[in-house]
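Here are my notes on the chain, point by point. Please read them with the structure open.

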Amino acid sequence: MSGLVAALRRLGGMSIDAVWRLGFATRFLLMVLVYSGQSVRRIHLTLREIYFAGVLSLLIILVSGLFVGLVLGLQGYETLQRFGSSDALGVLVALSLTRELGPVVAALLFASRAGSAVTAEIGLMKATEQLKAMDMMAVNPLARVVAPRFWGGVISMPLLAAMFSAMGVFGGWLIGVVFIGVDDGAFWSQMQAAVDVRYDVLNGVIKSFVFGVAVSLIAVFEGYDCTPTAEGVSRAITRTVVSSALAILALDFVLTSFMFRGQ
């Protein structure tokens with residue numbers, strides 16, 4: 001009986017801690033939005049973070065998008081050939097990338113590369129008391145450190161997802177048209193006829209924007225809230241990657257259920 005009571009206490013403590021962290025994260029987001037005006041006035045700070053989060057992530061995004069497109073082209077051609085619809089390969093590749101794989105895979109890569117780096121940077125600044133030093137010099141750390149990194153990630157994510165999808169379509173064309181021999185005109189014409197800007201491309205942009213907000217918020221929050229030790233920073237980085245992946249997949253399901261229901 002005592003073991004059951006202890007387990008219930010631990011479960012209750014974990015639940016209370018989760019609710020407390022969720023409330024603190026919501027308040028943290030509101031504070032970041034309040035102090036975002038200062039980061040807009042100092043636009044060079046945000047541009048530097050866009051370079052750090054976006055431009056430096058281009059290599060892994062483009063290479064991954066190319067290989068995802070190549071795999072989609074191979075698998076899609078094998079499946080469509082069974083039904084005599086190999087000319088629809090462009091439709092399959094484009095819809096798969098713009099609706100799902102582009103935003104989701106790009107967000108996962110972004111969380112692994114840029115999100116973990118942002119958490120480590122802010123966590124190390126907290127561990128070395130740089131944030132406290134800013135506060136003592138009347139410099140708000142949320143406005144100077146957190147807000148530019150948050151908006152840098154939010155702005156970079158849709159652009160990276162678009163580049164991922166474009167490179168994936170190129171990979172599908174490369175393997176389907178150049179190597180396998182699918183008709184070039186049919187590949188592009190059926191893709192243009194089937195892909196709708198509003199229901200496919202725009203919804204993919206909305207997804208990537210929501211993923212960018214979620215990943216950027218988790219990254220800056222975990223770094224700002226971490227224990228100021230080497231072990232605390234490493235745990236914060238791990239929580240950033242795991243929480244971002246779970247948030248991306250959960251949000252993808254929710255957004256998909258609203259966007260593509262009944263189509």
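1. What does the accessible surface of the protein chain come to, and what share belongs to carbon and sulfur atoms? The total is about 13,800 Å², and 69% of that belongs to carbon and sulfur atoms. The areas come from the Shrake-Rupley method with a 1.4 Å probe, and for residues only the protein chains shown count as cover.

2. Basis. This is a predicted model, where local features need pLDDT of at least 70, side-chain atom pairs count only at pLDDT 80 or more, and totals for chains, interfaces and linings use all residues. Residues are numbered from 1 along each chain as its sequence is written, and side-chain values use heavy atoms, with hydrogens and water left out.

3. Fold. The protein chain has 10 helices and zero strands. Helices (H or I, at least four residues) and strands (E, at least two) are DSSP runs, numbered from the N terminus. The C-alpha atoms fill a box of roughly 65 × 60 × 30 Å along the principal axes.

4. Annotated spans. The unreviewed UniProt entry puts "transmembrane region" at residues 18-38, 50-74, 159-180, 201-221 and 241-260. Such annotations may be inferred rather than shown by experiment. Residues 50-74 are 84% helix and 0% strand, with end C-alpha atoms 34 Å apart. Residues 241-260 are 95% helix and 0% strand, with end C-alpha atoms 28 Å apart.

5. Packing. Of 263 residues, 41% count as buried (under 20% relative accessible area, 1.4 Å probe, protein chains only). Among contacts (heavy atoms within 4.5 Å) between residues at least 6 apart in sequence, 83% join residues at least 24 apart.

Technical notes
Buried < 20%, exposed > 50% of the residue type's maximum accessible area, 1.4 Å probe, protein only.
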